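Dear colleague,

I am handing over the structure we spoke about, and my notes on what was found in it follow directly below. Please read them with the structure open beside you.

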Amino acid sequence: MSQKGHAATLSWSDDPPLRIGHGYDVHRLEPCAPAGPGRPFVLGGVLLESATGPVSHSDGDALYHAVTDGLLGALSMPDIGQLFPDDDPRHESADSAVFLREAASRVASAGWQIANIDATVILERPKLSPRKEAMRENISRETGVPVARVNIKGKTHERVDAVGEGRAVEVHVAVLLVRMAAPGRQAEQHLA
Ligand SMILES: [Zn+2]
């Protein structure tokens, strides 16, 4: 292929075949029932051993929520709070895998594929490292992204502020989508 032809192939001026998405979530952590209002601490679909857990309407899985929002954000769709309102009794104690699967299915039906997912979990305790692989496998299973392209980094907040004092968990996620189908009616509707 000539230089010129290659450049023409990479002309993205109309509608780039890539979308980046960012997801963020934070949940307050409180002592688990019956001592307090905290739910069992589920993160990335993994139950963590912890005396505190998230306070939330759904199961409070901040990692699943952030990945869900990253995918929806890349599609310029309404966020997780708009799609699954927390005052809707159907979402009371909901398994957040349902939200993640729904977002992944919207990515596919809009003609996109998830290239990779990169997450940063900021949590003082418990330690994330022993459970990270299980979380990656869960996200891989729910989204259809091979586990090698799902990354999770664990950090503490250096004992500073609410997260550092163990009173909250925070998650940031970046996702990249690659277009699999030429933009047609369906894709345009989803991206409107
Ligand atoms: Zn959340």
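Helix 2 is followed by S76, which has a positive phi near 55°; helices here (H or I, at least four residues) and strands (E, at least two) are DSSP runs, numbered from the N terminus. Please bear in mind that this is a predicted model, in which local features need pLDDT of at least 70 and side-chain atom pairs count only at pLDDT 80 or more, while totals for chains, interfaces and linings use all residues. Residues are numbered from 1 along each chain as its sequence is written.

Helix 2 itself covers residues 62-74, and its end C-alpha atoms are 18 Å apart, in agreement with the 18 Å that its 13 residues should span at 1.5 Å a residue (the expected span being 1.5 Å times one less than the number of residues). Because 13 of its 13 residues are buried, helix 2 is largely enclosed by the rest of the structure; a residue is called buried if 20 or more other C-beta atoms, placed from the backbone, lie within 10 Å of its own, exposed if 12 or fewer, and partly exposed in between.

Leaving aside residues up to four places away in sequence, L63 touches L43, G44, A119, V121, M135 and V171, where contact requires C-beta atoms, placed from the backbone, within 7 Å.

In helix 4 (residues 97-109), the buried residues are F99, L100, A103 and V107. They lie on the same side of helix 4, because they cover an arc of only 100° around the axis, taken from the directions from the helix axis to the C-beta atoms. Among the elements they pack against are helix 2, strand 5 (112-122) and strand 7 (168-179).

Some backbone details also deserve a look. Most residues other than glycine have a negative phi, and most peptide bonds are trans. A cis peptide bond with omega of about 5° joins A33 and P34, and another, with omega of about 0°, joins R125 and P126. S93, in the loop between helix 3 and helix 4, has a positive phi near 60°, and S93 counts as exposed because it has 10 C-beta neighbours inside 10 Å.

With best wishes

Note on methods: Two residues are in contact if their C-beta atoms, placed from the backbone, lie within 7 Å.
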